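Hi everyone, thanks for having me. Please take a look at the structure on the screen, and then I'll walk you through a few spots in it.

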Amino acid sequence: MRKVIVFNRLSLDGFFTGLNGEIDWFLHDPEVDKAAHEYMHADTLLFGKLTYQMFVSYWPNVATNPNAPEQARALAEELNQMTKVVFSNSLEEATWVNSRLIKDNLVEEVRALKQGDGADITVFGSGTIVQQLVDAGLIDELLIVVTPVVLGTGRGLFDNVGKMNLKLLASRGFGSGNVLLYYGIR
């Protein structure tokens, strides 16, 4: 069975975005990205509308941009090749290559994806989707980058979910102050 892995960044006080969806507080660190990539062996990405729109506004053209760093071009090419499933009631279409739009039945769709063939499934951002999948018992692992910033207020990744017992699989600190935490769901 395929695993569903949530990859997200959190502030030290537990928020994954500011109140208005802002993520300008992320401390981007290529070493963190490289380490996180080592834990994810996915061929499918799950997105909500907002995260998809952020990704599609940037990544599709990075692979062919000669001014982009080599590591970013390689990641962009990988993202372009992956299957992307976008859950949204309001989007009209998903235009990024290998994308498909699903308007309803999130839990049933993800359950079917888990039973299908392929590598693992990764969820980026998409707090509402994460919350629904946690409630349905469909999350297998969490890959969390804790950024050394306190926002004071924002959107919590695990708002309105039930208790989850986690098992620490790995952790790693970085010179940037970011800490990578890798958990399995018990």
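When I say contact, I mean heavy atoms within 4.5 Å. Keep in mind that this is a predicted model.

So, let's begin with W59. Leaving aside neighbours within four places in sequence, W59 is in contact with A72, L75, A76, L79, N80 and W96. W59 also belongs to the largest nonpolar core, which has 29 residues, and W59 and L143 have the most contacts inside it. Which elements each supply at least two residues of this core? They are β1, α1, β3, α2, α3, β7 and β10. Apart from that core there's another one, of 25 residues, and V6, L46, V146 and L157 are among them.

Now for the rings. There are 10 aromatic pairs in the count. Take F47 and F124: their ring centres are 6.4 Å apart and their planes are at 20°, so this pair is stacked. F47 is in strand β3 and F124 in strand β6, so the pair ties together parts that are 77 residues apart in sequence. F47 is buried, at 0% relative accessible area, and F124 is buried too, at 12%.

Last stop, R9, in strand β1. Is R9 buried or exposed? R9 counts as buried, because its relative accessibility is 6%. The side chain of R9 makes a polar contact of 2.7 Å with the side chain of D33. The charged end of R9 also sits over the ring of F26, 5.4 Å from its centre.

Definitions and conventions
Residues are numbered from 1 along each chain as its sequence is written. This is a predicted model: local features need pLDDT of at least 70, side-chain atom pairs count only at pLDDT 80 or more; totals for chains, interfaces and linings use all residues. Side-chain values use heavy atoms; hydrogens and water are left out. Helices (H or I, at least four residues) and strands (E, at least two) are DSSP runs, numbered from the N terminus. Buried means under 20% relative accessible area, exposed over 50%, partly exposed in between (1.4 Å probe, protein chains only). A polar contact is a pair of N or O atoms within 3.5 Å; within protein, one must be able to donate a hydrogen and the other to accept it, and residues adjacent in sequence count only if both atoms are side-chain atoms. A nonpolar core is a set of buried Ala, Val, Leu, Ile, Met, Phe, Trp, Tyr and Cys residues joined through side-chain atoms within 4.5 Å. Rings of Phe, Tyr and Trp (its six-membered ring) pair if their centres lie within 6.5 Å; planes under 30 degrees apart count as stacked, over 60 as edge-to-face and the rest as tilted. A charge sits over a ring if NZ of Lys or CZ of Arg is within 6 Å of the ring centre and within 35 degrees of the ring normal.
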